[in-house]
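Trainee: Before I use the terms in my notes, could we go through what each label rests on in this model?

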Amino acid sequence: MHSSGAGVDGARGVLAVDSTAPGAAPRGLDAFRRGWETQIGDDVFQLPAFSADTIGDFRVKGNVAKVHGAAIADLHAASATRTADAPGGDQDLVAMYVVQRGAWTLGGPPGRGEQTVPAGQFLVRHVGRLTAFETTAHLTAKFLVLPPGELKPLLGNRVITGPADSAEIRLLTALTDMIHATVADLGPAGVEATHGALIELAKAVAKGRFDDVEPRLAPALTQAAKDLADRRLADPELSPAMLARELNVSVRTLHRAFAAVGEQVATYIRHRRLQEARLALAAPSGRLSISELAAHWQFADSSHFTRTFKKHYGQTPTEYARSTGAASLSPNRHLPGHGSAESA
């Protein structure tokens, strides 16, 4: 278990516990609890008591970050977890669950029953009292604890659910990934700005829309667009217009967000495609011709691909392949390697 700046604003940490290791249980779960309390704190979210079967098989790892009373945890659980039947304890927070794999079942307030968040869905609600929950084995999820001030009035007693690929959740995910990567290096002003952006996007999730001219959201919008482009690099429909449509913003707003961080949308797409083509040229296995590479990464033809590649890297694709030890190539000969847009 490792932490950086644990327990303070701008903190991040890593949790990794396996209670099935010889002699570990129940100390494995105790270690997780101590790590959570040190890095996040009971003042932000109080961990409930867990069931006996959970204590005996608790295999969880994740990254956690704390920003001004908000906590973000990216969790990967190999084991199923279950809390004690009646956790109890007063809380006053907003909790958000974004599930990528597995399912997270939440106990509701008296008389309101359970709610399950399956893979590909999110749920956000105000929590006034600690309630029971269960998770399936092989869970991958993002768990956010947010201060109630601006969010509780928006939510009231409502529980809001929806698809995890909505524009608002895409932006929120991009922002939380950026927080994990940078929070330990932020100064007080940076932490404050990050907290503000996080709350704005959480409000957007609650309202089902976000303020696309809010300047604090430009980095998150840019990152969300990059993440989406990386997954669609081989798609012939990939364009600024397609990204804007998927993210529910205007093309102008998308261009403005990229300009705020000193980039251009089309340039980013072209450079990422060139990077993938370059990886394919140097790969030791797989065989595509230069013309096939050009078509796969959506260049007009092999001549256009060759000119663009040389302008960017200073060598033609054939020259680059030779410099990496690949076989001698011509535009019609097969070359090693085949990049994958899905793995970008």
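Mentor: Gladly, bearing in mind that this is a predicted model.

Trainee: What makes β6 and β9 a pair of strands?

Mentor: Two strands pair if there are at least two bridges between them; strand β6 (residues 90–101) and strand β9 (residues 121–129) are joined in the antiparallel sense over 8 bridges, so they meet the definition of a pair. By the criterion of at least two bridges, β9 also pairs with strand β12 (residues 159–163), because 5 antiparallel bridges join them, and there Val124 stands opposite Ile160.

Trainee: How do you know which residues Met96 is in contact with?

Mentor: Contact means heavy atoms within 4.5 Å, and, leaving aside neighbours within four places in sequence, Met96 is in contact with residues including Leu123, Val124, Leu146 and Val205. Met96 is also among the residues with the most contacts inside the largest nonpolar core, which has 68 residues; helix α5 (residues 188–207) gives the most to this core, with 9 residues.

Trainee: Why are the buried residues of α11 said to line one face of the helix?

Mentor: In helix α11 (residues 302–313), Phe305, Thr308 and Phe309 are buried. Seen down the helix axis, the buried residues fall within an arc of 100 degrees, so they line one face, and they pack against α9, α10 and α12. The face turned away from that buried side carries the exposed residues Arg307 and Lys311.

Technical notes: Residues are numbered from 1 along each chain as its sequence is written. This is a predicted model: local features need pLDDT of at least 70, side-chain atom pairs count only at pLDDT 80 or more; totals for chains, interfaces and linings use all residues. Side-chain values use heavy atoms; hydrogens and water are left out. A nonpolar core is a set of buried Ala, Val, Leu, Ile, Met, Phe, Trp, Tyr and Cys residues joined through side-chain atoms within 4.5 Å. Buried means under 20% relative accessible area, exposed over 50%, partly exposed in between (1.4 Å probe, protein chains only). Helices (H or I, at least four residues) and strands (E, at least two) are DSSP runs, numbered from the N terminus. The expected span of a helix is 1.5 Å times one less than its number of residues. The arc is that of the directions from the helix axis to the C-beta atoms.
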